[in-house]
Amino acid sequence: MVLNGPSRIADPAAELAVKASRVQTPPQQGRRPRWWNGSTRRAAEMYVDTFPDQDLIALVDFYGREITDSLAVCRRFPEMAAEGRVGLRLDTHGGSYVEGLDRQASLAVLRRHAPPALATGDGGESEGEYLSGPGVSAAAIFHLREKLDQAGFKRVKIVASSGFGVNKC
C-alpha cells in the first residue's frame, strides 16, 4: 500500500479496502465508486475479503463485459454461487446492448424464452425497447440467465436496474 500524503492512499483498490474496513456494516451491495479502475472480479474479491459472511451482489456492467465479468465473479466464488449467495446487478446503459446482444440476437433470445405473443419484441415503440432493445431489457436478462445456467450457475441471482419506471415494469 502506497500512502500519498498523511492519510491519502494512492492505490484505489487499497483505498476501497481501507474504507470498507472502517464501517461496521456492509455498504450498499451492487454499487461501485466511479473512480474505481480495477476489475469487477477484483472488486468482488475485496468485498468478500472485507465482509466474508455477507452475500455478494456484484455490479457487472461497469466495463460493458456483462457476461464475461459475471462468469468471472461466479468462477471466483463457486461455493457461494452454488449456495445462492451471489447476485449480479445488471445496470447496462440504455445506449448499448448487453455483451453478446444486438437487436437480432435479442429477438432470438426472446423467441427461446418469452411467450409467443411477446417474442416478436414489437409491442409498440417503448414496449419493443423494453423487451429487446438496448440497456436492461427482457432479452438481456434472459441472455444472462442462459449464460449462467450453461456454465452451471443456476442459483446465482440477477438484479436488474436501469430505467425501470411504471411502463417498463
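The legends below describe close-up views of a predicted model.

**View 1. Three strands form an open sheet.** The strand order is β1-β2-β3, and the pairing is parallel. β1 and β3 stand at the edges with a single partner strand each, so one side of each has no neighbour in the sheet. Neighbouring strands are turned by 25° against each other on average, direction ignored.

**View 2. Strand β1 pairs with strand β2.** β1 covers residues 56-59. Four bridges join β1 to β2, and the two strands run parallel. L56 has V86 of β2 as its bridge partner. I57 stands opposite G87 in β2.

**View 3. Strand β2 pairs with strand β3.** β3 covers residues 157-160. The pairing of β2 and β3 is parallel and runs over four bridges. R89 stands opposite V159 in β3.

**View 4. Strand β2 is largely enclosed by the rest of the structure.** β2 covers residues 86-90. Five of its five residues are buried, so the rest of the structure largely encloses the strand. In a regular strand, side chains alternate between the two faces of the sheet. V86, L88 and L90 point one way from β2. G87 and R89 point the other way.

View 5. Buried residues of the helix include A139, A140 and H143. L144, E146 and L148 of α7 are buried too.

**View 6. The length of helix α7 agrees with its residue count.** α7 holds 13 residues, 138-150. At 1.5 Å a residue the helix should span 18 Å. G152 follows α7. The phi of G152 is positive, near 90°.

**View 7. Y47 and F51 form an aromatic pair.** A search of the whole structure finds one aromatic pair. Y47 and F51 make up this pair, and its geometry is tilted. A pair of aromatic rings is described by the distance of the centres and the angle of the planes. Here the rings lie 5.1 Å apart, centre to centre. The angle between the planes is 45°. Planes under 30 degrees apart would count as stacked and those over 60 as edge-to-face, so this angle falls in the tilted class. Y47 is buried. F51 is buried as well.

Note on methods: Residues are numbered from 1 along each chain as its sequence is written. This is a predicted model: local features need pLDDT of at least 70, side-chain atom pairs count only at pLDDT 80 or more; totals for chains, interfaces and linings use all residues. Side-chain values use heavy atoms; hydrogens and water are left out. The expected span of a helix is 1.5 Å times one less than its number of residues. Buried means under 20% relative accessible area, exposed over 50%, partly exposed in between (1.4 Å probe, protein chains only). Rings of Phe, Tyr and Trp (its six-membered ring) pair if their centres lie within 6.5 Å; planes under 30 degrees apart count as stacked, over 60 as edge-to-face and the rest as tilted. Two strands pair if DSSP finds at least two bridges between them. Axes are lines fitted to C-alpha atoms, for helices over the stretch in contact, and angles run from 0 to 180 degrees between N-to-C directions.
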